[in-house]
Amino acid sequence: MGITGNTFTRRGFGAMLAAGLLVTGLGACANSDTGGDAGTGGDDKLVLGFSQVGAESGWRTANTTSVKEAAAEAGIELKFDDAQQKQENQIKAIRNFIQQKVDVIAFSPVVESGWDTVLKEAKDAGIPVILTDRAVDSADKSLYKTFLGSDFVKEGRLAGEWLVEETKSATGPVNIVELQGTTGSAPANDRKKGFGEAIAANPNLKIIASQSGDFTRAGGKAVMEQFLKANPKIDVLFAHNDDMGLGALEAITAAGKVPGKDIKIITVDAVKDGMQALADGKFNFIAECSPLLGPQLMDLAKKVHAGEEVPPRIETEETTFTQQTAKEALPTRKY
Amino acid sequence: MGSWRRGLPAVTGHRLFWPVVVLVLLLAANVVYRPSFLAVEVKNGHLYGSLVDIVRLSAPLILVALGMTLVIATGGIDLSVGSVVAVSGAMACLHISRQPDQNNLGGVLVALAMAVGIALLLGIWNGTLVAVIGIQPIIATLILMVAGRGLAQLITSGQIITVNSDPYRMIGVGHVLTLPFAIVLALAVTLLVAVLTRRTALGMIIEAVGGNSEASRLAGIRARRIKLLVYVVSAVCAAVAGFMMTANVSSADGNAAGLWVELDAILAVVIGGTSLAGGRFYLGGTVVGALLIQTLTTSVYAMNIDPQTALLFKAMVVIAVCLIQAPAFRAKFWRRRTSAGSPAAPAGEQRKEQVAA
């Protein structure tokens, strides 16, 4: 046993080394497009370093495409980095950008905290930073120029206001079930808050059950199946994103009810499949959470580079969709 | 009376006694919360109710856990099953979504075959790393756990692929003879594995490899080949589970499909009484373990437990199951209960010594 045990350990060690190399190799690949030429010398093209969260959803991919296209259009040289949902990758990328002396740094923080040191480094190097889509919780607001992104509370409120308008003639109680996003995430907390505030206007509107569906279709379906069994009368479903709403659709159909009629469905996001469901009459209302912030970001980058004053918080241009407007908008949607 | 007393330890001492007790308690708690919880009605020609949901949703976990049981029996572990679920689901959905007619059975079968083919390759990859190259299983399968998720996202280009195919939906939400097709399929695979391992020498050989790989090799068992085999079986089981999960929602999400299912599967195996150290394995126990885990998840939704406390609730139930299942803990507990001046105390002492030995 002793001898074999020993060889096993040694083999295991070699394997671990190999695995380690593999992982570092992958990391190197991921970072490779930020490396290379510093690119700042010579022409006076504005250089923007952008660190993306990752490619975890259709929304995020549309976000990436929007940034890339807008940069090309605005004549801005984009250094793009994919952090693969890891903060350490993102910090590394930002340090890379600082070394390369880019003109402006923009990034979507993977998490809210732990950015002070690296943002300080950027500030000391005189490079302005723009946050996109997600905020950071730094106490020192001078570490970044501005935040460009969606107002999740407003999205929830828009959804709630539509419902209040829709049910103002209802005399009896209106039973609402809610599918929350990932527990503790900013969009879940804020959308819940905004929706709750808006429906408080009508005491007939009651949330009778609220559960996390983790922003996924499978989660939305599994939760809705139980909601339907536990509550004989559900009038409205509010889902924090389209995907959970799409999963819930299946559960509602399987229970022999007609989505959009027996149970009204309100969601947030407006991704393609969600818009299709809305146009097909299965959803009733979507508050948009737009990933297409590329053009606004490029404008901002030019402004902060020129030293212009910008507001500390800028909202993405967003709208809402009903079944009618969804039909009209669907053919030209980018994502 | 005498036979009853002798029979009681036989029942309470069975390794599945406590998991089943907890399962029944969970169901009872649900009934207290909502008396109609156990009600099963016939809707559109098939069974409908929370119990049916539990059984249907536990089907993929049963499959993954079955493969995991065999891997663990050889003293290994397979962390990559969740990624294999994502890869196979993504592959099948991608192929189906590219068909001109998604309802064409032939196209769906080709998609399934392609996905199973990839799973076979992934299983061989895991098995080769473990059995031939000799990497520790936890490291070897960790590689695919990370890389497989990336592969799944590569296949789906980071998007959620939606399919609209009735034959494919059948795997996840279809019914045969009023029963969910998924659970029928899972039970069929369970029976197949049980027959192959328990009606032939295969099960004993697997246990021998897990008990002592070197000794089994010296006894003439091709330990390497057996190890390679169990990783391939595990990957194929995960692939079929991947079909069920993606068919359930008619879409493949490379990022979320099968996320953390490896942990649930390992838990199901452990609750079922199979030791992580390898050796003896219990397929029936694994099935009970998987049902228990799914019941727990569904209970959280059915009883509308606040999402902020849901994880804690789950963890506490799992800890309770593991503790009362551990002979050492039970011995201590019983001794304290019975040592109140009763003659049973020495027996408790003896049992504890046995465990310690």
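## Strand pairing in chain A

Two strands pair if DSSP finds at least two bridges between them. Strands here are DSSP runs of E with at least two residues, helices are runs of H or I with at least four residues, and both are numbered from the N terminus. Four bridges join β6(A) to strand β8 (residues 236-239) of chain A, and the two run parallel. This is a predicted model, in which local features need pLDDT of at least 70, side-chain atom pairs count only at pLDDT 80 or more, and totals for chains, interfaces and linings use all residues. Residues are numbered from 1 along each chain as its sequence is written, while chains are lettered from A and ligands numbered from 1 in the order in which they are written.

β6(A) also pairs with strand β7 (residues 205-212) of chain A, in the parallel sense over seven bridges. A:Ile176 takes part in both pairings: its bridge partner in β7(A) is A:Ile207, and in β8(A) it stands opposite A:Val236. Together, β6(A), helix α6 (residues 186-199) of chain A and β7(A) make a right-handed β-α-β unit. Right-handed is meant as follows: with the strands pointing away from the viewer, the path from the first strand over the helix to the second runs clockwise.

## Burial in chain A

Strand β6 (residues 174-180) of chain A is mostly covered, with six of its seven residues buried. A residue is buried if 20 or more other C-beta atoms lie within 10 Å of its own, exposed if 12 or fewer, and partly exposed in between; C-beta atoms are placed from the backbone.

A:Lys154 lies in helix α5 (residues 152-166) of chain A. It counts as partly exposed because it has 17 C-beta neighbours inside 10 Å. The C-alpha atoms of A:Lys154 and A:Arg191 are separated by 7.4 Å, though the residues are 37 apart along the chain.

## Helix α2 of chain B

Helix α2 (residues 17-33) of chain B has 17 residues. From first C-alpha to last it reaches 24 Å, close to the 24 Å expected at 1.5 Å a residue. That expected span is 1.5 Å times one less than the number of residues.

B:Trp18, B:Pro19, B:Val22, B:Leu23 and B:Asn30 are buried in α2(B). Seen down the helix axis, the buried residues fall within an arc of 145°, so they line one face of α2(B). The arc is that of the directions from the axis to the C-beta atoms. On the other side of α2(B), B:Val24, B:Leu25, B:Ala28 and B:Val32 are exposed.
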